[in-house]
Amino acid sequence: MSTGLYGGVFDPPHNGHVALAKGALAHFNLERLVVLVVVEPGHKDVELAFEQRLELARLAFGDLPRTEVVQDEHPRTVDSLREERFKDPIFLVGADEFTDFLGWKEPDAVLAFARLGVATRPGFPRETLEPVLAALERPDRVEFFDIPNFEVSSTGIRERVRRGEPIDDLVPKPVAREIEITGLYR
């Protein structure tokens, strides 16, 4: 049985993130799922301190079976995978993230260390994924799986919070409560 790895900044984690995690647990029959919260990402800015993002991720994924949320010191996925600390890893990404996969640090090395599980949702144009697959040395290491459609982004959630709009339908309830109580993103 495999270990799923789901890395990100989770600033904040939302229902789409949780749907991907649930879908991967079921589709791949994962022995365990490790959510890797990146301390300092090499590819995007973050608003919250790492400790706050880690706590939000624990709140978001805490009820999922066989799932743990941990710190990832590596800004790039390939560097984390090089440590080879996981058994038969499957690195999980959304289809929109996969469209940028060729721009990752050493994408073919990522596939040498782990299979890639790509979550697709209804309405996502599959033809945008084919050129990425065609450019990889090991496209056989990529497997697609379906998840429900969630029109949500962390950027949009932060903007809604700043405008004082509700986010209860976009994030898990414990995350919404923590953001409200602590005044995050205001």
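I started with the order of elements in this predicted model. From the N terminus, the protein chain reads β-α-β-α-β-α-β-α-α-β-α-β-α-α. My tally for the chain is eight helices and six strands.

Next I checked overall size. The radius of gyration is 16 Å, close to the 16 Å from the globule rule for 186 residues, so the protein chain is as compact as a globular protein of that length. I also got the C-alpha trace extents along the principal axes, about 45 × 35 × 30 Å.

Then contacts and burial. Of the contacts between residues at least 6 apart in sequence, 80% join residues at least 24 apart. Buried residues account for 50% of the 186.

Which residues have the most contacts inside the largest nonpolar core? I found Y6, L33, V37, F61, L92, F145 and I179, in a core of 37 residues. At least two core residues come from each of α1 (15–27), β2 (32–38), α2 (50–61), β4 (89–94), α7 (154–162) and α8 (173–182). The largest share, six residues, is from α2.

Leaving out residues up to four places away in sequence, F61 touches Y6, F10, P13, H17, V18, A21, V35, T67 and V69. Apart from this core I noted another one, of 25 residues, including V34, V110, L111 and V118.

Last, the surface and charges. The protein chain exposes about 9,200 Å², and 48% of that is supplied by carbon and sulfur atoms. I counted 23 positive and 33 negative charges, and their mean positions sit 3 Å apart.

Notes:
Residues numbered from 1 in each chain as written. Predicted model: local features only at pLDDT ≥ 70, side-chain atom pairs only at ≥ 80, totals over all residues. Heavy atoms only, no water. Helix = DSSP H or I, 4+ residues; strand = E, 2+ residues; numbered from the N terminus. Rg over C-alpha atoms; globule rule 2.2 N^0.38 Å. Buried < 20%, exposed > 50% of the residue type's maximum accessible area, 1.4 Å probe, protein only. Contact = heavy atoms within 4.5 Å. Areas by Shrake-Rupley, 256 points an atom, 1.4 Å probe, with all protein chains shown as cover. Lys, Arg positive; Asp, Glu negative; His and termini not counted. Charge placed at Lys NZ, Arg CZ, Asp CG, Glu CD. Core = buried A, V, L, I, M, F, W, Y, C linked by side-chain atoms within 4.5 Å.
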